[in-house]
Amino acid sequence: MLRKIFKFLWKCALWFMGVSVFFVILFKYVPVPFTPLMGIRALEQKADGKEMTCSHDWISLDEMSENYPKAVIASEDATFIDHHGFDFNAIQKAFKNNAKGKKLKGGSTISQQTAKNVFLWQGRSYLRKGLEAYFTVLIEIFWSKERIMEVYLNSIEMGNGVYGVQAASQHWYHKNADQVSKREAAGVAAILPNPRKYKASNSSGYIEKRKSRIMRHMRYVKLDY
């Protein structure tokens, strides 16, 4: 009996690995059309009796201002160019903060956030974090840093029903993603901790301070992928 269970679980694991590698390789070349979070948000809107909205316009990295990758690196992941998916110093700091009873922080890199956004659901369970690590390793193996950044900037939530920099640029600034200024890109990066709560334009004092800090750090970001 145990042997049959083990054999079944082994087959499931092989099937899962095969399917996951297939989609990681597929999305190396094909734009990601939809993410689990988009579906979850749409269902939440419907449950609240609101109109389901999802603004998502895929563009290539070359079609967006370089201010966007610089802004998110400055804000979210200063070592993105150099690490291989995980920032162990940030993870160590997160564990220390959590051990002290402070608000849970994950120390997630852009690679980890990309893996979560494209392949997984939101949440803080150990299962999801384990799968996030698995998909992070896969995209770091099969994708270039440019591709990770391109998928990240096209998939992340940047407002209520707004996903990716092109939709965000239109939503917040009424212009295309290749036309945004440093401050505008910093404004979008500044709201990423909670893009449905904060505003990239006409921002609160808290977000304005974050914008200024991100802009200072952007000066030192080199896009040497």
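A: A residue counts as buried when its relative accessible area is under 20%, and as exposed when that area is over 50%. Please keep in mind that this is a predicted model.

Q: Is Thr114 buried or exposed?

A: With a relative accessible area of 2%, Thr114 is under the 20% cut-off and is therefore buried. Thr114 belongs to helix H5.

Q: Which residues is Thr114 in contact with, leaving aside its neighbours within four places in sequence?

A: Thr114 is in contact with Ile139, Trp143, Ile148, Val151 and Tyr152.

Q: Is Arg124 buried or exposed?

A: Arg124 has a relative accessible area of 58%, so it lies over the 50% cut-off and is exposed. Arg124 is placed in the loop between H5 and H6. Along the chain, Arg124 and Ser108 are 16 residues apart, and their C-alpha atoms are separated by 12 Å.

Q: Which residues of H1 are buried, and which helices do the buried residues of H1 pack against?

A: Ser20, Val24 and Phe27 are buried in H1. The buried residues of H1 pack against helix H5 (110-119), helix H6 (126-142) and helix H7 (145-155).

Q: Which residues of H2 are buried, and what covers the buried residues of H2?

A: The buried residues in H2 are Leu37, Met38, Gly39, Arg41, Ala42 and Gln45. Their cover includes H7 as well as strand S1 (55-56), strand S2 (157-159) and strand S3 (162-163). After H2 comes Gly49, which has a positive phi near 75°.

Q: How many residues of H8 are buried?

A: Seven of the nine residues of H8 are buried, so this helix is largely enclosed by the rest of the structure. The buried residues in H8 are Val165, Gln166, Ala167, Ala168, Ser169, Trp172 and Tyr173. Among the elements that cover them are helix H3 (67-76), H7 and H9, together with S1, S2 and S3.

Q: What follows H8?

A: H8 is followed by His174, with a positive phi near 60°. The positive value occurs here in a residue other than glycine. His174 is found in the loop between helix H8 (165-173) and H9. At 68% relative accessibility, His174 counts as exposed.

Q: What is the phi of Asn202, and where does Asn202 lie?

A: Asn202 has a positive phi of about 50°, although it is not a glycine. Asn202 lies in the loop between H9 and H10. With 74% relative accessibility, Asn202 counts as exposed.

Q: How are two packed helices described?

A: Such a pair is described by the angle between the two axes and by the distance between the axes. For H3 and H7, the axes come within 11 Å and cross at roughly 90°. H3 and H7 are therefore roughly perpendicular to each other.

Q: Which residues meet where H3 and H7 are in contact?

A: From H3, Tyr68, Pro69, Val72, Ile73 and Glu76 meet Met149, Tyr152 and Leu153 in H7. The residues of this contact divide into seven nonpolar, no polar and one charged.

Q: At what angle do helix H9 and helix H10 cross?

A: The axes of helix H9 (residues 182-190) and helix H10 (residues 205-218) cross at roughly 120° and come within 8 Å. That angle makes H9 oblique to H10. The crossing of H9 and H10 is right-handed.

Q: Which residues of H9 and H10 meet?

A: In H9, Lys182, Arg183, Ala186, Gly187, Ala189 and Ala190 take part. Their partners in H10 are Ile207, Glu208, Arg210, Lys211, Ser212, Ile214, Met215 and Met218. The residues of the contact of H9 with H10 comprise seven nonpolar, two polar and five charged.

Note on methods
Residues are numbered from 1 along each chain as its sequence is written. This is a predicted model: local features need pLDDT of at least 70, side-chain atom pairs count only at pLDDT 80 or more; totals for chains, interfaces and linings use all residues. Side-chain values use heavy atoms; hydrogens and water are left out. Axes are lines fitted to C-alpha atoms, for helices over the stretch in contact, and angles run from 0 to 180 degrees between N-to-C directions. Helices (H or I, at least four residues) and strands (E, at least two) are DSSP runs, numbered from the N terminus. Angles under 35 degrees count as roughly parallel, over 145 as roughly antiparallel, 65 to 115 as roughly perpendicular and the rest as oblique. A crossing is left-handed if the near helix is turned anticlockwise from the far one by less than a right angle, and right-handed if clockwise. Contact means heavy atoms within 4.5 Å. Ala, Val, Leu, Ile, Met, Phe, Trp, Tyr, Cys and Pro count as nonpolar, Asp, Glu, Lys and Arg as charged, and the others, Gly among them, as polar. Buried means under 20% relative accessible area, exposed over 50%, partly exposed in between (1.4 Å probe, protein chains only).
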